[in-house]
Amino acid sequence: MTHQTVSRPGLPDDPHARVAEPTPTCPVEITLTALRGRWTTLVIRELLQGDRSYSELRQALPALSDKVLTDRLAHLVETGVIERERRAGWPPRTRYALTPQGRRLGPVLQALWDWGAER
């Protein structure tokens, strides 16, 4: 029986992954940068269920301070994980939703959960 190894991009087979130190263009570093900061994964988890207003996120994560929530939302918008939509009316309404790229983090977070649950 012959066992064939299939090479695919990514770790450990991709020659681009063979670096001696972290680089900002490394796909793993880009992902970790997007997920950085305490509470970030929980904000993403909430948005995986659908778009949310700021107050809905505050209600879902009551121990999260306003400052940290504001910082996390700004960071996630900046990294392209979520989009911010301001709706007309008084008072103005703002909704947050995952971008298509942000939705792709769902399986990543599930893999992190599964790995941690095995520990």
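Biologist: E46, is that buried or exposed?

Modeller: In this predicted model, E46 counts as buried, at 9% relative accessibility. The cut-off for buried is under 20%.

Biologist: Which residue does E46 form a salt bridge with?

Modeller: The partner is R45, and the closest N and O atoms of the pair are 2.7 Å apart. R45 counts as partly exposed, with 37% relative accessibility.

Biologist: What are the buried residues of α2?

Modeller: They are T40, V43, I44, E46 and L47. These residues sit on the same side of α2, because they cover an arc of only 160° around the axis.

Biologist: Take T40, then. Where does T40 lie?

Modeller: T40 lies in helix α2, which covers residues 40-48. The relative accessible area of T40 is 1%, so T40 is buried.

Biologist: What does the side chain of T40 reach?

Modeller: It reaches the backbone oxygen of G37, at 3.0 Å.

Biologist: And which residues is T40 in contact with, leaving aside neighbours within four places in sequence?

Modeller: With those set aside, T40 has contacts to A34, L35, R72 and L76.

Biologist: What comes just after α2?

Modeller: G50, which takes a positive phi of about 135°.

Biologist: Back to salt bridges. How many does the structure hold?

Modeller: There are 7 salt bridges in the structure. One of them joins the side chains of D51 and R87, at 3.6 Å from N to O. D51 lies in the loop between α2 and β1 (52-53), whereas R87 is in strand β2 (residues 82-87), so this pair ties together parts that are 36 residues apart in sequence.

Biologist: What else does the R87 side chain meet in a salt bridge?

Modeller: E85, with an N to O distance of 3.4 Å. E85 is partly exposed too, its relative accessible area being 43%. Through shared partners, salt bridges join D51, E56, E85, R87 and R95 into one network.

Biologist: Different topic. Which residues form the nonpolar patch on the surface with V28?

Modeller: L11 and L32 form that patch with V28, and together the three have about 270 Å² of accessible area.

Biologist: Where is the place of V28?

Modeller: V28 is in helix α1, residues 27-34. Its relative accessible area is 38%, so V28 is partly exposed.

Technical notes. Residues numbered from 1 in each chain as written. Predicted model: local features only at pLDDT ≥ 70, side-chain atom pairs only at ≥ 80, totals over all residues. Heavy atoms only, no water. Helix = DSSP H or I, 4+ residues; strand = E, 2+ residues; numbered from the N terminus. Buried < 20%, exposed > 50% of the residue type's maximum accessible area, 1.4 Å probe, protein only. Polar contact = N/O pair within 3.5 Å; in protein donor to acceptor, adjacent residues only side chain to side chain. Contact = heavy atoms within 4.5 Å. Patch = residues over 30% accessible without salt bridge, like charges linked within 9 Å, V, L, I, M, F, W, Y side chains within 5 Å. Areas by Shrake-Rupley, 256 points an atom, 1.4 Å probe, with all protein chains shown as cover. Salt bridge = Lys/Arg side-chain N within 4 Å of Asp/Glu carboxyl O. Arc of directions from axis to C-beta.
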